[in-house]
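Q: I have this chain open and would like to go through it slowly. Could you help me read it?

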Amino acid sequence: MSVTVVGIGADGHLPPASAALVAEAEVLLGGERHLALLPDVAGQVRAPWPRPMSSLPTLLGEHEGRRVVALASGDPSCPGSVRR
């Protein structure tokens with residue numbers, strides 16, 4: 001299975017190339033807040049990240065063979081929140 005990951009800003013901004021990938025996705029995965037920031041696309045399935053995340057393989061398996069795009073935010077080298 002292939003999943004395209006698209007970076008999204010805190011305000012929902014997507015560069016044009018990323019916006020095109022999101023618009024063409026059959027399935028869009030992401031955080032509930034990010035999914036809510038984007039306009040609906042007719043026929044597109046939208047699914048929030050599963051809780052617990054360990055069920056992600058099951059969710060992906062449900063969409064085998066479809067164009068799946070996952071929204072991601074933040075710094076990939078710094079998972080979670082940083083406290084100072």
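Q: Where is His-63 found?
A: His-63 is found in the loop between α3 (56–62) and β4 (68–72), where helices (H or I, at least four residues) and strands (E, at least two) are DSSP runs numbered from the N terminus. This is a predicted model, in which local features need pLDDT of at least 70 and side-chain atom pairs count only at pLDDT 80 or more, while totals for chains, interfaces and linings use all residues. Residues are numbered from 1 along each chain as its sequence is written, and side-chain values use heavy atoms, with hydrogens and water left out.

Q: Is His-63 buried or exposed?
A: His-63 counts as buried because its relative accessible area is 9%, and buried means under 20%, exposed over 50% and partly exposed in between (1.4 Å probe, protein chains only).

Q: And which residues does His-63 touch?
A: Leaving aside residues up to four places away in sequence, His-63 touches Met-1, Val-27, Val-45 and Val-68, a contact being heavy atoms within 4.5 Å.

Q: Met-1 came up there; which nonpolar patch is Met-1 part of?
A: Met-1 forms a nonpolar patch on the surface with Val-3 and Val-5, and together they have about 260 Å² of accessible area. Such areas come from the Shrake-Rupley method with a 1.4 Å probe, and for residues only the protein chains shown count as cover.

Q: Where does Val-3 lie?
A: Val-3 lies in strand β1 (residues 3–7), and Val-3 counts as partly exposed because its relative accessibility is 33%.

Q: New topic: in which sense do β2 and β3 pair?
A: Strand β2 (residues 27–30) and strand β3 (residues 45–48) pair in the parallel sense over four bridges, where pairing requires that DSSP finds at least two bridges between the strands. Leu-28, for instance, has Arg-46 in β3 as its bridge partner.

Q: Which peptide bond is cis?
A: The bond that joins Arg-51 and Pro-52 is cis, with omega about 0 degrees, and Pro-52 lies in the loop between β3 and α3. As background, most peptide bonds are trans.

Q: Last one: how many helices and strands does the chain have?
A: The chain has three helices and four strands, which run β-α-β-α-β-α-β from the N terminus on.

Notes. Patches are made of residues with over 30% relative accessible area and no salt bridge: like charges are joined within 9 Å, nonpolar side chains (Val, Leu, Ile, Met, Phe, Trp, Tyr) within 5 Å. A salt bridge is a side-chain nitrogen of Lys or Arg within 4 Å of a carboxyl oxygen of Asp or Glu.
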